[in-house]
Amino acid sequence: MTTSSMKRSQPFRSLVNRLLDNGILPTRKLILLLAGGSVAAALGALAGLGYALFWLYNAFLLLASILDWRSMPRRGQVNVARILPEQTDIGRELTVSLVLENHSGQPVPYRLRDDLPFSFERPPDVAGVLSAKREIVTYVTKGSERGLYTFSHLYLRCQGRLGLWEKQAKLAYEQHIKVYPDLSTVRGYLQSLQESLIVDGKKIQLKTRSGTEFHAIREYVPDDDPRYINWSASARGRRLMTNEYRPEQGKVLTILLDCGRMMGVELDGRTKLDLSMEAALTLAAVALRQGDQVALLAYSHEIKTYVPPGRGLGHLHTLIEAVYDLQSDFVESNPLLALEYLHRQQKRRSLMVLFSDMENYLLEDQLGAYLWRLRRSHLLLLLSLADPLLHDWSRTAASNSRIAYVKALAQRFQLDRKAFQQKMTGAGIQVLDIPADQLTLTVVNSYLEIKSREAL
């Protein structure tokens, strides 16, 4: 836009600001009273008064409007502030508080609307009568997509005592909020004092007590291995004591998140990337709680973010901040690029868990050969969300030739997926094609099983 065109548009912007953003608008009550003017004119004509009753009626409305204008609060006499939390989870109800201050010295009827981002659920307008000097009202909303969002303005409409006109004000009050993935499972695990993890009502196996690293001495119970009895401690305490061992800590878990086109496909209203990210963060929380280090790499056709290995629950916050606003790109992902980058960055042996789509594994011709070379220095676990559409079509009844053809294609695709799994398993690479509701449960159990047998 040139400078001259901007100058020409300035009056129009000023007009919009005066009439819409900070103007005075008639209420529904005034519009109904104006419509009643036609009734007054008809009654005047029937009574032989001509237009006298009509003009008298409108003069009364004009006088009432002037009185109403004078009773409306002036600019700055009613202020609004927003109390917004810094973060929330996707799909979780969020309570936003609005603080209203009244310095006009009179009750003020008002309506208030917040400038919500597009992905947030829009509640009804907040309305009421502001009689006190300070009141707090709330409304409930929720975000449907991850990311960083801005709440920009607040729109306030105040009425006078007669309620014929209302003054609108556009108040600038910019705040930011982060919408995280669903972390309810992560928080539930971190807050639990049990030796197990409950995911979607299912119990993940107990933390293993086997291993090679000495952990503690405790009292012997009948199910303990008698080979681990600590005779010296038993003699001192005059009761049987046993040594407790755990898997060696300090191992490295590397999570790879595919952010390509296929990960943007929705399953029951959630994208594959959302489901994979929630499972990956739960896995990271379990690994960090076990004393291991966790690294994370997100990619599509390029490297989007990389977090080096770190330990401790403080590192979990670093991982969340790195991935909470990741979105799937409308391009084909390049897993070879990600694996090559990671191989240069990660020299130490680690468990690499790749969250991707089975179609990406099948379509990448060079992936299998590179994985075979990579498995010499790393332990690999490939994950994919099972396609419920293929499952349904492969089991549908073939009532006509068209359905029979679709069913045959679905079964062929499923055979291709199983063939890839068997091929990778034969090379020592575990591949899991998992339904969405079992992803977190399966990946955490797989990690704990690998830890229990000291495979790293």
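The lining of the second largest pocket draws at least three residues from each of domain 1 (14-180) and domain 3 (252-453), the domain bounds being taken from an automatic or database domain assignment. The structure is a predicted model, in which local features need pLDDT of at least 70 and side-chain atom pairs count only at pLDDT 80 or more, while totals for chains, interfaces and linings use all residues. Residues are numbered from 1 along each chain as its sequence is written, and side-chain values use heavy atoms, with hydrogens and water left out.

The space in the second largest pocket amounts to about 310 Å³. Of its 16 lining residues, Ile90, Ser144, Glu145, Thr271 and Asp274 are the closest to the centre of the pocket. At least two lining residues come from each of strand 16 (270-271) and helix 6 (272-289). By class, the lining of the second largest pocket holds three nonpolar, seven polar and six charged residues. Here Ala, Val, Leu, Ile, Met, Phe, Trp, Tyr, Cys and Pro count as nonpolar, Asp, Glu, Lys and Arg as charged, and the others, Gly among them, as polar.

Pockets and cavities were located on a 1 Å grid over the protein atoms alone: a cavity is a set of points where a 1.4 Å probe fits but cannot get out, a pocket is an open set with protein on both sides within 12 Å along at least five of seven lines, and lining residues have an atom within 4 Å of a point. Grid points are joined across faces, edges and corners, and a volume is the space filled by probe spheres set on the points. Four cavities of 30 Å³ or more are counted by this rule. The volume of the largest cavity is about 80 Å³. Its lining includes Leu98, Arg122 and Tyr139, and strand 5 (residues 108-114) gives the most, with three residues. Seven nonpolar, no polar and four charged residues make up the lining of the largest cavity.

The protein chain contains 13 helices and 21 strands, assigned as DSSP runs (helices H or I, at least four residues; strands E, at least two) and numbered from the N terminus. Of its 456 residues, 43% are buried; buried means under 20% relative accessible area, exposed over 50%, and partly exposed in between (1.4 Å probe, protein chains only). Among contacts (heavy atoms within 4.5 Å) between residues at least 6 apart in sequence, 73% join residues at least 24 apart.

Arg417, in helix 12 (residues 401-426), counts as buried because its relative accessible area is 5%. Beyond neighbours within four places in sequence, Arg417 is in contact with residues including Glu359, Asp387 and Asp433. Thr305 lies in strand 18 (residues 303-310) and is buried at 17% relative accessibility. With neighbours within four places again left aside, Thr305 is in contact with Leu296, Leu297, Ala298, Ala322 and Leu326.

Two loop residues are exposed. Arg238 is located in the loop between helix 5 (231-237) and strand 13 (241-246), and has a relative accessible area of 80%. Its phi is near 60°, a positive value in a residue other than glycine. Most residues other than glycine have a negative phi. Asp268 occupies the loop between strand 15 (266-267) and strand 16, and its relative accessibility of 81% makes it exposed. Its C-alpha atom is separated by 10.0 Å from that of Pro388, 120 residues apart along the chain.
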